[in-house]
Amino acid sequence: MSTDTTTGPGRPTEIPYYPMERSAGCPFDPPPELRDLQARTPLTKVRLWDGSTPWLVTRYAEQRALLADPRISADTTRPGYPFATAGIRERRKIAQTFISMDDPGHARLRRMVTAPFTVRRIEALRPAVQRIVDRLIDDMLAGPRPVDLVQAFALPAPSLVICELLGVPYADHDFFQSCGKVLVNRDTSPRDQERAQNSLTDYLERLVEDKQAHPGDDLLSRLAVGQVATGALSRREAALMSTLLLVAGHETTANMIALGTLALLRDPVQLGELRDGDPALIAGAVEELLRYLTIVHTGRRRVAVADIEIGGQVIRAGDGVILASEIGNRDTEVFDHPDRLDGHRDAHGHMAFGFGVHQCLGQNLARMELQVAYGTLYRRIPDLRLAVDAAQVRFKHDGLIYGVYELPVTW
Amino acid sequence: MVKGGNAMKVTVDRELCVGSGQCVLSTAQVFDQRDEDGAVVLLDDEPPWFAPFRCPAVIAGWRNS
């Protein structure tokens, strides 16, 4: 990763900076510069905030192959790992969880928390999620207009669900949501990242301790009784894993609900189809929105542990590798007219949840929550519309996870 | 993926399974998940069809029986 230029016929000599900026008028599309790179090459060197120059993999096929390749490591303690920010680099030192480990350590820890996320268990949770969504919509309908959809619906819906699943008291939501906001922002300082991570871990450690004494029917209790009490995990390790699940359970689905609603409000025909409530159509539209929006928009990050020949290049052992699913999910080789939001296409192959052994643990929960949220909101509030000019909506360009800060709506 | 011949059987490596449930979502008549850890359970090892493409851990495929 020491070379400063990429050479060869027709190649620019300047290494592009990553992440790139989206074009102002196209908030739903990937940055034009990223699209140009994808058209030109399946992988190329890019420059990061710290001056390092890892590989950026632009195309779907190569991304998928590498994410499933055992010569690619997610271990953030390995030299060459391409951190997204200085804050994350510092935070990983105090918060190493299974998402930043390789097997067998990764598998051992992940399996401790997989049970509540099986297809069957998530399906059993659907009526409870429907009740939560209906109650939030009842409150919206009874309250003042306009209202911020993020605060009134998109954030509390997944927050209430993940709290119930984990056994975290929702009454503390102001506290843990504010910590989560710090953790997913690219611009927060290492010190603020550390402080937010430690507050959250301390909080969850106290909760795990409490669950050991008074277990309930939730994931934290399972960890407390099944793993901490038996010595398989320390209380701190259990708390760290819980912070990961708590934050991941909020920031992803909440942003999908709000950003997806904004995309659908621009597309009355597809919104109308969702309003009609056919479950198969809603499920298909959810997959397509996951693909089209790809809210994890600054790449999956890895480091090579051996030389890998791919796409006409050799990734050397120790090279950082960024798999940019935000552009892989717009690859014309895989998706026809990829920039078109089309709920009728088969979008199942998308990599919005990643690929390989680290593929999102909560994906079945996210799918179900989104099916219920999109499938209920527009049906119950059929004339839902933006309460501000579309140009005034603020996008999370500075977020590790893309979305909108507010979405003022009325009806 | 449609199987290549009559002697083909489905194979999975449960040790490497990450419990994503993608096999269950795509072909519920062939796959299930174990309650305790979400690991794959093979219900039918001679189905006419299934979708190995969806498995993120790439542990499902056809083998000659």
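Figure 1. A:T294 is buried, because 22 other C-beta atoms lie within 10 Å (a residue is buried if 20 or more other C-beta atoms lie within 10 Å of its own, exposed if 12 or fewer, and partly exposed in between, with C-beta atoms placed from the backbone). A:T294 belongs to the loop between α14 (279-293) and β5 (300-304) of chain A; helices (H or I, at least four residues) and strands (E, at least two) are DSSP runs, numbered from the N terminus. The phi of A:T294 is positive, near 30°, in a residue other than glycine. Residues are numbered from 1 along each chain as its sequence is written, and chains are lettered from A and ligands numbered from 1 in the order in which they are written. This is a predicted model, in which local features need pLDDT of at least 70 and side-chain atom pairs count only at pLDDT 80 or more, while totals for chains, interfaces and linings use all residues.

**Figure 2. A:H337 and its positive phi.** A:H337 is a residue other than glycine with phi near 40°. Most residues other than glycine have a negative phi, and most peptide bonds are trans. A:H337 sits in the loop between α15 (325-328) and α16 of chain A. With 10 other C-beta atoms within 10 Å, A:H337 is exposed.

Figure 3. A:P19 is placed in the segment before α1 (32-40) of chain A. A:P146 lies in the loop between α6 and β4 (147-148) of chain A.

**Figure 4. Helix α8 of chain A and its cover.** Of the 11 residues of α8(A), 9 are buried, so the helix is largely enclosed by the rest of the structure. The buried residues include A:P156, A:V161, A:C163 and A:L165. Among the elements that cover the buried residues of α8(A) are α6 (126-142), α7 (149-154), α9 (173-183), α11, α12 and α16 of chain A. After α8(A) comes A:G167, with a positive phi near 90°.

**Figure 5. Packing of α8(A) with α12(A).** The axes of helix α8 (residues 156-166) and helix α12 (residues 235-265), both of chain A, come within 8 Å and cross at roughly 155°; axes are lines fitted to C-alpha atoms, for helices over the stretch in contact, and angles run from 0 to 180 degrees between N-to-C directions. That crossing makes α8(A) roughly antiparallel to α12(A) (angles under 35 degrees count as roughly parallel, over 145 as roughly antiparallel, 65 to 115 as roughly perpendicular and the rest as oblique). Among the residues of α8(A) that meet α12(A) are A:A157, A:I162 and A:L166, and their partners in α12(A) include A:L245, A:H250 and A:I257; two residues are in contact if their C-beta atoms, placed from the backbone, lie within 7 Å. The contact of α8(A) with α12(A) has 8 nonpolar, 5 polar and no charged residues (Ala, Val, Leu, Ile, Met, Phe, Trp, Tyr, Cys and Pro count as nonpolar, Asp, Glu, Lys and Arg as charged, and the others, Gly among them, as polar).

**Figure 6. Packing of α10(A) with α11(A).** Helix α10 (residues 190-213) and helix α11 (residues 219-228) of chain A pack at an angle of about 70°, with their axes 8 Å apart. The two helices α10(A) and α11(A) are therefore roughly perpendicular to each other. A:L207, A:V208, A:K211 and A:Q212 in α10(A) meet residues of α11(A) including A:L220, A:L223 and A:V228. By class, this contact of α10(A) with α11(A) has 7 nonpolar, 2 polar and 1 charged. A:D192 also belongs to helix α10 of chain A. A:D192 is partly exposed, with 16 other C-beta atoms within 10 Å, and its C-alpha is 7.9 Å from that of A:G87, 105 residues away in sequence.

**Figure 7. Chain B and its contact with chain A.** Chain B has 1 helix and 4 strands, in the order β-α-β-β-β along the sequence. Of its 65 residues, 31% count as buried. The contact takes 16 residues from chain B and 17 residues from chain A. The side of chain B that touches chain A has 7 nonpolar, 5 polar and 4 charged residues.
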